[in-house]
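Take a look at the sequence and the 3D structure below. Then read on for a short tour.

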Amino acid sequence: ELRVLDDPIDVEDALVDANDDPRVHGIIVYYPIFGQVESFSGERTKMSPALTALSVVKILERCPGVYDKQSKPLGKHLEGKTVTVINRSEIVGRPVAAMLANDGATVYSIDINSIYRFSGGRLHKCGDDVTPESCVRESSVVVTGVPTKAYRLPTEWIQPNSTVINVALLKIPGVVYVPMVGKVTVAMLERNLVRLFEQFHHPSVKLIQQTPKKEPW
């Protein structure tokens with residue numbers, strides 16, 4: 001069922017209504033829902049997160065030498081890593097940068113007219129001396145999400161033994177190229193919808209739904 005809203009101010013109420021609707025087993029929100037600036041592009045039981053961004057993180061977790069979950073604690077699995085994310089969209093770029101920074105990485109977030117650095121739980125706007133080239137050359141992980149065929153990331157910026165997500169074919173020694181991220185997104189979306197359906201029909205959830213609310217008096 002597709003529910004279309006005329007005014008973005010109604011989004012929160014619509015989500016609450018859908019979450020409370022017993023006929024609804026899962027909710028998918030299509031972004032951007034609040035408009036988009038110039039760019040390269042509550043606790044609820046039925047909500048799925050931004051799946052494209054999560055797909056990128058899950059792919060990076062499987063790439064050799066990126067995440068260190070053996071010797072480093074939670075929140076520091078990417079400590080010592082520098083990552084460049086090109087395109088600060090609400091769908092991919094911004095959430096990916098935040099998620100990787102929360103795992104301990106220093107992240108450069110590049111958009112059409114600005115560069116920010118996520119580091120140590122803080123967001124810093126970079127000066128004119130920091131360029132897309134300097135960010136990429138400093139990084140061992142590069143994530144691009146520029147939705148135009150005209151954009152090309154200069155391959156000479158990328159260092160050997162780097163991991164690159166969503167970039168045209170690269171011929172650089174040791175570079176790990178990960179294509180077709182969208183297929184992972186679709187797979188994760190289907191998996192999460194199945195989990196939401198199973199969770200909704202779990203006996204403990206049904207018990208809560210059937211238990212009458214006690215009056216405050």
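Predicted model: local features only at pLDDT ≥ 70, side-chain atom pairs only at ≥ 80, totals over all residues.

Residues are numbered from 1 along each chain as its sequence is written, and side-chain values use heavy atoms, with hydrogens and water left out.

**The cores**

Start with the largest nonpolar core. A nonpolar core is a set of buried Ala, Val, Leu, Ile, Met, Phe, Trp, Tyr and Cys residues joined through side-chain atoms within 4.5 Å. Buried means under 20% relative accessible area, exposed means over 50%, and partly exposed lies in between (1.4 Å probe, protein chains only). The largest core has 21 residues, and Leu-60, Leu-100 and Val-107 touch the most other members. H2 provides the largest share, five residues. Helices (H or I, at least four residues) and strands (E, at least two) are DSSP runs, numbered from the N terminus.

Now pick out Leu-100. Leaving aside neighbours within four places in sequence, Leu-100 is in contact (heavy atoms within 4.5 Å) with several residues, including Val-57, Leu-60, Tyr-67 and Val-107. There is also a second, separate core of 13 residues, and among them are Ile-86, Val-142, Trp-157 and Val-164.

**Helix H1**

Which residues of helix H1 (residues 11-20) are buried? They are Val-11, Ala-18 and Asn-19. These residues cover an arc of only 100 degrees around the axis, so they are on the same side of H1. The arc is taken from the directions from the helix axis to the C-beta atoms. The face turned away from the buried side carries exposed Asp-17 and Asp-20.

**A hairpin**

Strands E3 (residues 114-119) and E4 (residues 122-125) run antiparallel and are joined by four bridges. Two strands pair if DSSP finds at least two bridges between them. Ser-119 has Arg-122 in E4 as its bridge partner. Two residues lie between the strands of this hairpin, and Gly-120 takes a positive phi near 60 degrees.

**Salt bridges**

Side chains of opposite charge can pair when their charged atoms come close. A salt bridge here is a side-chain nitrogen of Lys or Arg within 4 Å of a carboxyl oxygen of Asp or Glu. The structure holds five salt bridges. The table includes some of them.

| Side chains | N to O distance |
|---|---|
| Asp-21 and Arg-23 | 2.8 Å |
| Arg-62 and Glu-61 | 3.7 Å |
| Lys-69 and Glu-61 | 3.6 Å |

Asp-21 counts as buried at 11% relative accessibility, whereas Arg-23 is exposed at 66%. Arg-62 is exposed, with a relative accessible area of 65%. Lys-69 is partly exposed, at 43%. A network of salt bridges links Lys-58, Glu-61, Arg-62 and Lys-69.

**Cysteines**

How many disulfides does the structure hold? It holds zero. A disulfide is a pair of cysteine sulfur atoms within 2.5 Å. For Cys-135, the closest cysteine sulfur is in Cys-126, 5.9 Å away, and therefore too far for a bond. Cys-135 counts as buried, at 1% relative accessibility. Cys-63 also counts as buried, at 9%.
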